[in-house]
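User: I'd like to learn how to read a helix and its surroundings. Could you walk me through it?

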Amino acid sequence: MSSNRFNNLWIGLGAGILMPVIALTLYYFARYSDLGLVDFFKVYRNLGILTHIVSLSVLPDLLVFFLFIRKNYLKSARGVLLATFLFTFTVLCIRFL
């Protein structure tokens, strides 16, 4: 019973959304902690590379995805994949709007 507890679409979706947010937050604190968060996004938006930074922040999802695959938590891996698609849609919206 306890091994199936983590095999859930919502667990995967939560992990898939949380990992890029953590990665982007770590990058922010490592490089630009003197700027405000809004200014951080404005700087990258003005430089035209905000979509690149958001896209790269999704890379840690690979680790979570393969961890779920290795543990045979296929529903959770599906949730991580769904979160990746949501981030892709977000990047497309930032890029073209």
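Analyst: Gladly! Helices here are DSSP runs of type H or I with at least four residues, numbered from the N terminus. This is a predicted model, and Asn 7 sits in the segment before H1.

User: Which backbone nitrogens does the side chain of Asn 7 reach?

Analyst: That of Leu 74, at 3.3 Å, and that of Lys 75, at 3.0 Å. Beyond its neighbours within four places in sequence, Asn 7 also has contacts that include Asn 72, Tyr 73 and Ser 76.

User: And what happens at the start of H1?

Analyst: There, a side-chain oxygen of Asn 8 comes to within 3.0 Å of the backbone nitrogen of Trp 10.

User: Which residues of H1 are buried?

Analyst: A general idea first: an α-helix has 3.6 residues a turn, so residues three or four places apart point the same way. In H1, the buried residues are Gly 12, Leu 13, Ala 15, Gly 16, Pro 20, Leu 24 and Tyr 28. They pack against helices H2, H3, H4 and H5.

User: How do H1 and H2 cross?

Analyst: Their axes come within 11 Å and cross at roughly 95°. Angles of 65 to 115 degrees count as roughly perpendicular, so H1 is roughly perpendicular to H2.

User: Which residues meet there?

Analyst: Leu 24, Tyr 27 and Tyr 28 of H1 meet Leu 37, Phe 40, Phe 41 and Tyr 44 of H2. By class, that contact has seven nonpolar residues, no polar and no charged.

Technical notes
Residues numbered from 1 in each chain as written. Predicted model: local features only at pLDDT ≥ 70, side-chain atom pairs only at ≥ 80, totals over all residues. Heavy atoms only, no water. Buried < 20%, exposed > 50% of the residue type's maximum accessible area, 1.4 Å probe, protein only. Helix = DSSP H or I, 4+ residues; strand = E, 2+ residues; numbered from the N terminus. Contact = heavy atoms within 4.5 Å. Polar contact = N/O pair within 3.5 Å; in protein donor to acceptor, adjacent residues only side chain to side chain. Axes fitted to C-alpha atoms, helices over the stretch in contact; angles between N-to-C directions. Parallel < 35°, antiparallel > 145°, perpendicular 65-115°, else oblique. Nonpolar A, V, L, I, M, F, W, Y, C, P; charged D, E, K, R; others polar.
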